[in-house]
Amino acid sequence: LFVKPNGEKPDKKIEKKVIIITAIIYFIAIMIGLILPQGLISNIQITKYENGIDKEIFFHNVFLFLWSYILGIMTFGLYNIVEIFINGITLGYIFHSALDNMILSNVVLNILPHGIIEMPVSIIGWSFGIYILYINKIRRKNKEIISKHMIRTVIKIKSIEIAIGIILLYVAAIIESRVMV
């Protein structure tokens, strides 16, 4: 969260704005995937997992979630923007292919149950990189220096956000590994 110059209260309006911008970019990417011609993207596979929660799903999703924070900081959000487009276009393309092959209900049943949890967590993770980009722009515009207090506040808040995200990704992994049709 962006800490106000007095260093006391985080500005939640900026955080919400960045999350909304991230969700809009993701929605646009999904729409792009929906209009791509059939056969343009290949090797997209939906894997069915057996025997309860598959640790592979959970660790893969947590790795990507944490990676979005780390690379979001290192690339000032550029990695996150690319990742949003890759995921959105892929999801849109999967739905496009399902519509063409008349298996939309099967795809929806495979994605929707865990996607309801996984997508918002991903959007929040991706938004952090865009948030860093946005804060850097504001900081430069106002010629402000990032204080140690601001960094500590952001780390504290984001640590809680990451912990909640990991718990939700665990729930999503359980659902994904048990609900796949």
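The legends below describe several close-up views of a predicted model.

Local features in this predicted model need a pLDDT of at least 70, side-chain atom pairs count only at pLDDT 80 or more, and totals for chains, interfaces and linings use all residues. Residues are numbered from 1 along each chain as its sequence is written, and side-chain values use heavy atoms, with hydrogens and water left out.

**View 1. The protein chain as a whole.** The secondary structure comes to five helices and two strands, where helices (H or I, at least four residues) and strands (E, at least two) are DSSP runs numbered from the N terminus. Along the sequence these elements follow the pattern β-β-α-α-α-α-α. Of the 181 residues, 40% count as buried, a term that stands for under 20% relative accessible area, with exposed meaning over 50% and partly exposed what lies in between (1.4 Å probe, protein chains only). Among contacts (heavy atoms within 4.5 Å) between residues at least 6 apart in sequence, 85% join residues at least 24 apart. The accessible surface comes to about 11,000 Å², and 68% of that area belongs to carbon and sulfur atoms; accessible areas come from the Shrake-Rupley method with a 1.4 Å probe, and for residues only the protein chains shown count as cover.

View 2. Helix α1 (residues 12-35) has 24 residues and reaches 35 Å from its first C-alpha to its last, close to the 34 Å expected at 1.5 Å a residue, the expected span being 1.5 Å times one less than the number of residues. Its buried residues include I14, V18, I25, Y26 and A29, and E15 is also among them. The C-alpha of A29 is separated by 7.7 Å from that of I86, although the two residues are 57 apart along the chain. I86 is found in helix α3 (residues 78-100) and, at 46% relative accessibility, counts as partly exposed.

**View 3. The largest nonpolar core.** A nonpolar core is a set of buried Ala, Val, Leu, Ile, Met, Phe, Trp, Tyr and Cys residues joined through side-chain atoms within 4.5 Å. Of the 30 residues in the largest such core, Y26 and Y131 touch the most other members. The elements that give two or more residues to this core are α1, α2, α3, α4 (104-142) and α5 (148-179), and the largest share, eleven residues, comes from α4. Not counting residues up to four places away in sequence, Y26 touches I84, N87, G88, L91, M119, I123 and W126.

View 4. Helix α2 has 20 residues and reaches 28 Å from its first C-alpha to its last, close to the 28 Å expected at 1.5 Å a residue. Rings of Phe, Tyr and Trp (its six-membered ring) pair if their centres lie within 6.5 Å, and planes under 30 degrees apart count as stacked, over 60 as edge-to-face and the rest as tilted. By this rule the count comes to seven aromatic pairs. One of them joins F65 and Y69 in an edge-to-face arrangement, with 5.3 Å from centre to centre and 80 degrees between the planes. Being four residues apart in helix α2 (residues 55-74), F65 and Y69 are separated by about one helical turn. F65 is buried at 5% relative accessibility, and Y69 is buried with a relative accessible area of 5%. Together with F128 and Y131, F65 and Y69 form one aromatic cluster.

**View 5. K158 over the ring of Y131.** K158 lies over the face of Y131, at 5.4 Å from the ring centre; a charge sits over a ring if NZ of Lys or CZ of Arg is within 6 Å of the ring centre and within 35 degrees of the ring normal.
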